[in-house]
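Please look over the structure shown below before reading on. The report is written for a reader who is meeting it for the first time.

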Amino acid sequence: MLFFYKNTNLLSKALKNTLKYSGLILFDIDGVIRSVENSYRLSLKKTVYKFSGWEPSYIDIDNAKNEGIWNNDWDLSLELIKRYIKKENLKLQIPSREAIVKCFEEFYFGGDPNNNSNYWSGFILNEELLVNKEFFDKLQSNGIIWGFVSGAESASAKFVLEKRLGLKSPPLISMGDAPDKPDPKGFINLSKKLLGNTLGPSNIPIAYVGDTIADINTVMNARKEIPSQKFISIGLAPPHLHLKSRLKERNSYESNLRIAGADLILNSINDLENINLAVF
Ligand SMILES: [Mg+2]
């Protein structure tokens, strides 16, 4: 069988991975690797305000995200504007998606996303990192392969992973590489790429770490597609709910993640440093 395998490099790499490594963890980026409270979420609030005169609170945004389908912040901005205009019976025109994207990007990047990030002046510069590079080095030395599956734009995802965290060519699926979550295609494709197409009962466990219902649903949908593969869903509440004053909301947010199917809820992303995926 080995002699007929077209890409022996890929096969030997996959075999090596399976022997050497005990699991694969793929990470969502926003709310997991970085706080987007003062970047994406702020751009969302300001965009909705610009077109409707109303600024949604973090609770309004969390409630909408709990519906499990609003993984794209442009679409969510438009949806919140539509809902508000309808609710208040306002005589306002609903903006085009293009107008939303343009406004949002101006707030978020404050410059051309395709240009060098040194020229950006938007809210993206506010982002607080929730992990450091050493975290990923530790995972690797603990036998965990890692990568990223995010709905963020490629320019934004690469900025945080490469420029801010200092990771070299990290495995990444970002917006446009695959259908939006909770469609599991991006998650499954990157898993296959990293493990050499060997998903199934003999493969090491694969976990996905995310902060929204859509992230949990992505894992549930992957299980439906490849029932023989061990998929683990790990959730954590986004950083804005980790304030002491928001403990009640955080508890209810986490219980929603559990109800959606999360196998484990983390207090902090750093709790993963010593995780054993074999116990799930
Ligand atoms: Mg997220």
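The sections below go from the whole chain to its domains, its sheet and some single residues.

## Basis of the description

The model is predicted, and for that reason local features need pLDDT of at least 70 and side-chain atom pairs count only at pLDDT 80 or more, while totals for chains, interfaces and linings use all residues. Residues are numbered from 1 along each chain as its sequence is written.

## The chain as a whole

The secondary structure comes to ten helices and eight strands, where helices (H or I, at least four residues) and strands (E, at least two) are DSSP runs numbered from the N terminus. The chain has a radius of gyration of 20 Å, close to the 19 Å that the globule rule gives for 280 residues, so it is as compact as a globular protein of that length; the radius is taken over C-alpha atoms, and the rule is 2.2 Å times the number of residues to the power 0.38. Taken along the principal axes, the C-alpha atoms fill a box of roughly 70 × 40 × 30 Å.

Of the 280 residues in the chain, 39% are buried. A residue is called buried if 20 or more other C-beta atoms lie within 10 Å of its own, exposed if 12 or fewer do, and partly exposed in between, with C-beta atoms placed from the backbone. Among contacts between residues at least 6 apart in sequence, 71% join residues at least 24 apart, a contact being a pair of residues whose C-beta atoms, placed from the backbone, lie within 7 Å.

Between the domains, 17 residues of domain 1 are in contact with 13 residues of domain 2. On the side of domain 1 that touches domain 2, the elements giving two or more residues are α7 (154-164), α9 (213-225) and α10 (247-260), and the largest share, four residues, comes from α7. By class, this side of domain 1 has six nonpolar, six polar and five charged residues, where Ala, Val, Leu, Ile, Met, Phe, Trp, Tyr, Cys and Pro count as nonpolar, Asp, Glu, Lys and Arg as charged, and the others, Gly among them, as polar.

Ala155 lies in helix α7 and, leaving aside its neighbours within four places in sequence, is in contact with Pro113 and Asn114. With 18 C-beta neighbours inside 10 Å, Ala155 counts as partly exposed.

## The parallel sheet

An open sheet of six strands, with parallel pairing, has the order β5-β4-β1-β6-β7-β8; two strands pair if DSSP finds at least two bridges between them. The edge strands are β5 (172-173) and β8 (264-265), each of which pairs on one side only. Strand β1 (residues 23-27) is joined to strand β4 (residues 144-149) by five bridges and to β6 by four bridges. Leu26 has Gly147 as its bridge partner in β4 and stands opposite Tyr208 in β6.

Strand β6 (residues 206-210) is mostly covered, as five of its five residues are buried: Ile206, Tyr208 and Gly210 point one way, and Ala207 and Val209 the other way. Five bridges pair β6 with strand β7 (residues 231-235) in the parallel sense, and Ile206 stands opposite Phe231 in β7. Together, β6, α9 and β7 make a right-handed β-α-β unit, meaning that, with the strands pointing away from the viewer, the path from the first strand over the helix to the second runs clockwise.

## Backbone details in the loops

Most residues other than glycine have a negative phi, and most peptide bonds are trans. The peptide bond from Lys181 to Pro182, however, is cis, with omega near 15 degrees, and Pro182 lies in the loop between β5 and α8 (185-195).

Positive phi values occur at Asn89, near 55 degrees, and at Ser169, near 40 degrees. Asn89 is placed in the loop between α4 (73-87) and α5 and counts as exposed, with 6 C-beta neighbours inside 10 Å. Ser169, found in the loop between α7 and β5, is exposed with 8 other C-beta atoms within 10 Å.

Conventions: Contact = placed C-beta atoms within 7 Å.
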